[in-house]
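Trainee: I am new to this structure. Please show me how to read its features, one at a time.

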Amino acid sequence: MIRASENNEYYELTSPTSMPKASGFLWNDKMMIHVNCRGYVVAQFMQPEPAKYSYAPNLEAKTFMQPEQPYYAHHPGRFVFVKDEETGEVFSAPYEPVRVSTDHYTFCVGKNDIVWKVEHQGILIEMTLSLPKDEAMELWKVKVKNTSQRKRKLSIYPYFTVGYMSWMNQSGEYKKELQGIVCSAITPYQKYQDYEKIKNLKDKTFLLGDHEPLSWEVNQEAFEGEGGITLPSAIQQNELEKGDSRYEMPVAVFQYKLEMNQDEEKEYRFLFGAAKTEEEIANIRERYFLTKKETGFQDGFSLAQTEYANYVAEGQGCIQIKTPDADFDNFVNTWLPRQMYYHGSTNRLSTDPQTRNYLQDNMGMSYIKPQIARDAFLLALSQQKASGEMPDGIILHKDAELKYINQVPHTDHCVWLPICLSTYLDETNDYTILEEIVPFAGEAEEVATVSEHINRAMYWLINDRDERGLNYINQGDWCDPMNMVGYKGKGVSGWLTTASAYAFLIWADICEKNGQISSSKEFRQQADITNEVINKYLWDGEWYARGITDDNVVFGISKDKEGRIFLNSQGWALLSGAADETKKQSLLATVTEQLESPYGVEMLAPAYTAMREDVGRVTQKHPGSAENGSVYNHAAVFYIYSLYTVGETENAYRLLRKMIPGPDLNDILQRGQLPVFIPNYYRGAYKQIPRTAGRSSHLFNTGTVSWVYRCLIDGLFGIKGQKEGLRINPQLPSDWQEASVKRTFRGAELQIDMKRDETVSKIEVYVNNEMVEDGILKDLNSTEEYHVLVKIPLEG
């Protein structure tokens, strides 16, 4: 039912009903498309703010995806209706909306395309979706093959949802000169000042075909008739009526009639996307469909597919692994860097990504394209206030402004600067970035080095504290919906205080390596002072509290009936050094007992079942969903990273592996997701609501993935860069006898083989049969390949 293809290029599902929300996604610099196994689609493009060209049938919020995305009969989709002209029988590919149980079905999620293969009563339909590299447009191929033992007469109806475009103005018609359907709308607006913002938007949706259709329909209501979407009246007729849409809801449907001999195959290609003018659409048609065979050039459609495949391939990570867990290898080698690259290359298709997201996503780009990470860190710092405070979002476009959650003040953004920058420095050794001159935001035109910028960020964290030395939370820290702990100006975040201590330590290390010894000592001292405060006010006897409210109520402690323990407070206490050995063992045991589930480690427990007004809207979320007690993978990976940091190897890998669906089939079915991305959460509240626990949110926007990669580099395989070179110190689980990693590091290529060896009592590292005493590979030449052998004791 679920399998990786032989070359690991695809992950395949052979049932449209066992996991109806199973999905994949594609993206480019202008758009994103999320498609599920049944043919439903959520697509969005930037102009510069997020916009749609394939809408729902009713007015909806302009959100890209919802957690656990609901689908319904008229949900936007891409389908092919197929009618047997001799019997009148109808089915649809890939499954919706007719929902006929077909003879064979395969949904194939690939790195640069997504394919469905559906066969029913001797007719094979193969649908392939890909994208161009840099345009807001879908590239579709539909192959039809007669696999029966007789001649067949068919009609096929490629169907593309247009939906409710606008209450102001919408229409659609077939354009013979374009060989396509063009639907037009005007983005609604009220204030005359907004006209300047909307007049240049791409408000046309087009469907172009490389074959002239026999007929078409552009009117949704006329197409469905009395039969509805599951058996439209229009396809029960001999031909579609060539209708148009005049302030009616448009659709884009073509009809092709085929007479096919045994084993005959025909292919149709389509372009579906957004444009401003018909001239632009005509240009698109010429570029993608007109061939130049006389010159030996590829047609534009095939060339675009090749360019897109090359674009996705640029997102290769810096490691390729081989371990005893082949499914884990497949995910790490194929899907994890792809998801990480999506985040870093598109910034989640936002013009004002949250600062913490922007920095962490670009932390991941340090492993793929370090120059992009470098530029991102400098851009973020250019929007820092002279006080050291970081904004709630980073403006990426001149016409953008801070929106939605970025209008709510959060207090955690400064901590991510040294934490994320440290990865870039580990990978590149580019300490020159610290001397770059960057302006501050504001009218004063003040400038400073990157070092001074981060110093000010650390001082801002030191100064934004109450009389006890605990960091204020305002209307949220990393946990956005924890919005009512400190809105009166007194509440504090235990997690942020701990995270600040860790940030001080990281920055102290960077300062020391950069020769700034006095600054290094200062921030180490601040970390020590902060850890003392944490232990004085936040240790509850077995674990750390999450915070203290405006009314001086400590929460996330043993006396709380709900929200008794929060994961982040525990993991970051390991990172900061606040937890000594006794406290470490206590909190580890408590996390295992109270927060672990079969699907990972939960963010808090027990999940809240009612509003707690001194904590905020996190308590209003459904128990086990999102931040309210789910296996929120971003928080889980912080904890896993902390486990690797303190040498808890077995726990770390066990929880890391739970982030990926499977390999057990029942586990995959319960999560309802193919192992091609890590979602932002799996349902939690396992002890309270076991029936729904484990369900995937199917949201692939998550800061988790950069940290997972960091866990692999710094922890599991222990192949972390540092100023002197590459340090080798793996933490393999005890049941792995060997593993190998191909590692790209500062231009050098290394083949690293790790084997357990009964003759050694500690890890030993050999390069070209010569032992490296300290395990640090120095003076690596970027033009050479290295063979490294790592001998690991049988135990420990």
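Mentor: Start with a helix contact. Leu417, Pro418 and Leu421 in α8 meet Ile454, Ala457 and Met458 in α9. Contact here means heavy atoms within 4.5 Å. Helices (H or I, at least four residues) and strands (E, at least two) are DSSP runs, numbered from the N terminus. This is a predicted model, where local features need pLDDT of at least 70, side-chain atom pairs count only at pLDDT 80 or more, and totals for chains, interfaces and linings use all residues. Residues are numbered from 1 along each chain as its sequence is written, and side-chain values use heavy atoms, with hydrogens and water left out.

Trainee: What describes two packed helices?

Mentor: The angle between their axes and the distance between the axes. Axes are lines fitted to C-alpha atoms, for helices over the stretch in contact, and angles run from 0 to 180 degrees between N-to-C directions. The axes of α8 (residues 416-428) and α9 (residues 450-463) come within 9 Å and cross at roughly 140°. The two helices are therefore oblique to each other. Angles under 35 degrees count as roughly parallel, over 145 as roughly antiparallel, 65 to 115 as roughly perpendicular and the rest as oblique.

Trainee: At what angle do the axes of α10 and α12 cross?

Mentor: At roughly 25°, and the axes of α10 (residues 494-513) and α12 (residues 567-576) come within 9 Å. That makes α10 roughly parallel to α12. Their crossing is left-handed. The term left-handed applies if the near helix is turned anticlockwise from the far one by less than a right angle; clockwise is right-handed.

Trainee: Which residues of α10 and α12 meet?

Mentor: Trp495, Thr498, Ala499, Ala501, Tyr502 and Leu505 in α10 meet Asn568, Ser569, Trp572, Ala573, Leu575 and Ser576 in α12. This contact of α10 with α12 divides into eight nonpolar, four polar and no charged residues.

Trainee: Now sheets. In what order do the six strands of the open sheet stand?

Mentor: The order is β21-β35-β36-β40-β37-β38, with mixed pairing. Two strands pair if DSSP finds at least two bridges between them. β21 (319-322) and β38 (770-772) stand at the edges, each with a single partner strand, so one side of each has no neighbour in the sheet. Neighbouring strands of this sheet are turned by 25° against each other on average, direction ignored. Look inside the sheet too. β35 (residues 738-745) and β36 (residues 748-756) run antiparallel, joined by eight bridges. There, lysine 742 has glutamine 751 in β36 as its bridge partner.

Trainee: Is β9 largely enclosed, or open? How many of its residues are buried?

Mentor: Six of the seven residues of β9 (residues 104-110) are buried, so the strand is largely enclosed by the rest of the structure. Buried means under 20% relative accessible area, exposed over 50%, partly exposed in between (1.4 Å probe, protein chains only). β9 pairs with β2 (residues 10-13) in the antiparallel sense over four bridges. Tyrosine 11 stands opposite valine 109 in β9. β9 also pairs with β10 (residues 114-120), antiparallel over six bridges. A hairpin of three residues joins β9 to β10.

Trainee: What lies in the loop between β8 and β9?

Mentor: Proline 97 is found there. The peptide bond from glutamate 96 to proline 97 is cis, with omega near -5°. Arginine 99 is found in that loop between β8 and β9 as well. Its phi is near 65°, a positive value in a residue other than glycine. At 44% relative accessibility, arginine 99 counts as partly exposed.

Trainee: Last one. Is leucine 777 buried or exposed?

Mentor: Buried, with a relative accessible area of 3%. Leucine 777 lies in β39 (residues 776-778). Leaving aside neighbours within four places in sequence, its contacts include Leu726, Ile728, Leu750 and Val788.

Methods:
Nonpolar A, V, L, I, M, F, W, Y, C, P; charged D, E, K, R; others polar.
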